[in-house]
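Work through each task with the structure in view before reading its solution.

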Amino acid sequence: MAERLLEVEGLKVQFATEDGVVRAVDGVDFTLERGEVLGIVGESGSGKSVTALTLLGLTRDKNTRFEGDVRYKGQSLLKLPERKLQEIRGNELAMIFQDPMTSMNPVYRVGDQIVEAITTHEDVSKRNARRRATELLRQVGIPNPDRRVDDYPHQFSGGMRQRAMIAMALANNPDVLIADEPTTALDVTIQAQIIELIDRLKDEFNSAVILITHDLGVVAEVADEILVMYAGRVVENGAKRDIFYDPQHPYTWGLLGSIPRLDRPKPKRLHSIQGSPPSLINPPRGCKFRPRCPQAFEKCQEEPGLENRVEQKGHLDRCWLTVDEKRRLRERTLAGEAQEVA
Amino acid sequence: MSSDPKANGNLLEIKHLKKYFPIRKGLLQREVARVHAVDDITLTVAKGETVGLVGESGCGKSTLGRCIIRLLEPTDGDIVFQGQSIAKLGAGAMRPLRREMQMVFQDPYASLNPRKRVGSIIGDPLTIHGLGDRNERKKQVEELLETVGLSPEHYNRFPHEFSGGQRQRIGVARALALRPKLIVADEPVSALDVSIQAQMINLLEALQDDFGLTYVFIAHDLGVVRHVSDRIAVMYLGKLVELSPAEELYQRPIMPYTEALLSAVPIPDPDLSEQRERIVLEGDVPSPIHPPSGCRFHPRCRYATDICKQVEPPLTDYGNGHLAACHHPLNVDKETLAQVTASEKYSPRSADEDVLPDAPSKKKSSPIPEKG
């Protein structure tokens with residue numbers, strides 16, 4: 001069995017705000033093994049980014065409350081002193097941020113920013129660090145890295161900046177690479193390049209990847225395991241093929257059904273999930289998806305646990321419907337047929 | 001929705017449109033170079049039709065959209081709207097026409113004034129054009145809110161009280177306020193979540209039927225574009241490289257760039273995703289300041305030969321309203337190839353109209369696998 005790198009157990013993150021307590025993450029569990037790609041899928045406000053930031057201790061604040069545990073190689077991270085955490089962050093756990101336009105410092109040269117990432121964690125000469133920065137830029141596919149290493153971020157295109165961000169994240173050969181919507185700001189052609197790159201580098205650097213995205217098409221390609229989040233909770237969790245071919249939660253199959261697909265004939269109207277995501281301050285009672293769920297019934301007033309309800313072990317979901325009902329009810333939605341509008 | 005362009009007449013005709021942005025340098029602000037954002041594009045949009053404009057960032061699709069509704073003044077060429085040339089009209093002469101054409105912007109967070117209430121955001125176009133008195137305007141705004149799926153009680157709220165999807169609905173209501181004929185929608189759904197995207201697309205389609213709207217729909221998401229469009233125009237570095245009825249573009253792309261774009265769209269199905277051959281385009285879009293010679297796509301094209309570097313291919317008519325500019329067209333058989341002619345109307349003046357595509361396609365290319 002592969003080495004277990006990360007264990008997240010009952011993670012809750014709450015922010016105290018003027019309007020009340022925001023339950024951004026409300027009970028998330030997962031594990032991550034070396035070589036694995038975990039896709040976390042959800043809409044804005046589902047808690048996927050907060051989960052990722054919390055792994056790196058980037059949500060620490062006097063107004064934040066944590067519950068549960070995050071363990072990296074057995075070591076608990078949530079209460080680790082900031083100094084110790086800094087040794088791990090960027091070194092063993094590294095992050096690729098969503099927006100390549102704003103997550104680099106515009107007044108420093110790209111190369112210097114990578115050099116800084118290296119020298120922060122390692123005792124190497126500047127010259128060596130610079131050589132490594134150039135090599136990293138070459139590995140992520142920047143043309144003329146010897147010259148480009150001295151460019152400023154604004155001289156790079158969006159795709160190149162995202163590559164430079166990846167180079168920076170890989171600078172210290174991290175065990176876990178967390179990519180938060182790494183391709184959302186990019187064109188499809190560049191997106192394809194970046195996904196391929198992350199997939200290749202994962203093998204070269206022998207790391208594990210957490211890929212956070214709202215795009216099921218992206219995870220279909222690279223993920224091994226998928227976590228579907230809704231309103232701070234995991235609503236479904238399983239191997240990639242189980243999630244795509246045997247989705248158990250109405251939210252998951254709703255998402256799958258609402259993507260305009262090129263591989264199918266065009267439907268007259270698109271399937272859509274009615275309503276909008278709930279407030280995280282006053283979430284609905286019972287199942288969080290109930291107000292938007294076309295299949296909701298009485299029992300949904302009470303929240304279902306995340307349990308294994310299908311034959312496939314390790315495929316968990318949070319829905320009261322029986323497996324047979326689910327398989328019957330989801331058919332039309334998965335085919336992309338629009339529901340009748342009441 | 002779909003309509004025969006000839007029967008209805010064209011609402012919009014874009015003729016050899018060019019938009020260059022000068023780059024100025026030095027004390028005297030001399031023009032040292034130009035960004036060729038839109039470079040000789042001809043396109044017509046029929047009444048009631050939806051034309052999708054696709055391409056990577058920097059291809060000029062947004063600039064073209066902004067020229068159409070005259071937020072930008074074209075450098076050269078003409079725009080004919082309802083039979084009237086508007087490319088050179090001044091601000092005063094444009095004003096009455098602004099009622100007829102509106103825009104929906106990409107970013108629902110940046111395109112609504114945070115200090116104004118929803119009622120005045122949607123009602124301002126009515127005030128500016130002096131339509132109705134206060135009460136009538138209020139009533140109309142409330143109706144508009146209902147039309148786009150919001151509630152009349154939202155009248156006095158501020159934009160920050162709404163989610164992204166709701167804000168985009170406000171943007172649509174504002175565009176609809178003056179009952180325009182043409183709406184240019186610039187990436188109207190790309191900032192929205194998947195579940196909300198589908199709602200928005202359905203709304204836009206319903207509104208088109210109810211109000212008889214004509215859309216120019218700008219997007220980089222080929223899945224969305226296919227769903228809403230009757231015809232699709234593919235742009236690359238300021239040029240129109242392929243124009244086709246929507247479905248046909250997906251079944252039978254002729255220009256290799258279109259083929260690559262299609263193959264880059266992720267398919268939410270692990271098995272299909274593994275099966276298909278993916279064409280990963282190397283590098284980025286070249287600079288529009290010094291665009292490549294000949295066919296602008298040649299540095300990234302896997303079929304490129306010498307002729308592509310030297311001669312700009314004309315937009316060639318492959319029948320059924322399907323045009324493409326390529327020396328090595330895909331998915332075209334020999335017989336068709338023998339009959340094709342360069343389209344006099346659509347081809348840029350810089351293209352060499354005598355040079356017709358020669359090499360017959362080596363194989364049938366279908367970037368999207370079918371299940372089964």
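**Exercise 1.** How are α10(A) and α11(A) oriented to each other: roughly parallel or roughly antiparallel? Note that the model is predicted.

*Solution.* 
Step 1. Take helix α10 (residues 250-257) of chain A and helix α11 (residues 323-334) of chain A; their axes cross at roughly 20 degrees and come within 8 Å.
Step 2. Angles under 35 degrees count as roughly parallel.
Step 3. Therefore α10(A) and α11(A) are roughly parallel to each other.
Step 4. The crossing of α10(A) past α11(A) is right-handed.
Step 5. On the α10(A) side, the contact is made by A:W253, A:G254, A:L256 and A:G257, and on the α11(A) side by A:R330, A:T333 and A:L334.
Step 6. Sorted by class, this contact of α10(A) with α11(A) has three nonpolar, three polar and one charged residues.

**Exercise 2.** At roughly what angle do the axes of helix α4 and helix α5 of chain B cross? Then classify the pair and list its contact.

*Solution.* 
Step 1. Helix α4 (residues 118-128) of chain B and helix α5 (residues 134-147) of chain B have axes that cross at roughly 125 degrees and come within 9 Å.
Step 2. This angle makes α4(B) oblique to α5(B).
Step 3. α4(B) and α5(B) form a right-handed crossing.
Step 4. α4(B) contributes B:G119, B:I122, B:G123, B:L126 and B:T127 to the contact, while α5(B) contributes B:R137, B:K138, B:Q140, B:V141 and B:L144.
Step 5. The classes in the contact of α4(B) with α5(B) are four nonpolar, four polar and two charged residues.

Notes
Residues are numbered from 1 along each chain as its sequence is written. Chains are lettered from A and ligands numbered from 1 in the order in which they are written. This is a predicted model: local features need pLDDT of at least 70, side-chain atom pairs count only at pLDDT 80 or more; totals for chains, interfaces and linings use all residues. Axes are lines fitted to C-alpha atoms, for helices over the stretch in contact, and angles run from 0 to 180 degrees between N-to-C directions. Helices (H or I, at least four residues) and strands (E, at least two) are DSSP runs, numbered from the N terminus. Angles under 35 degrees count as roughly parallel, over 145 as roughly antiparallel, 65 to 115 as roughly perpendicular and the rest as oblique. A crossing is left-handed if the near helix is turned anticlockwise from the far one by less than a right angle, and right-handed if clockwise. Two residues are in contact if their C-beta atoms, placed from the backbone, lie within 7 Å. Ala, Val, Leu, Ile, Met, Phe, Trp, Tyr, Cys and Pro count as nonpolar, Asp, Glu, Lys and Arg as charged, and the others, Gly among them, as polar.
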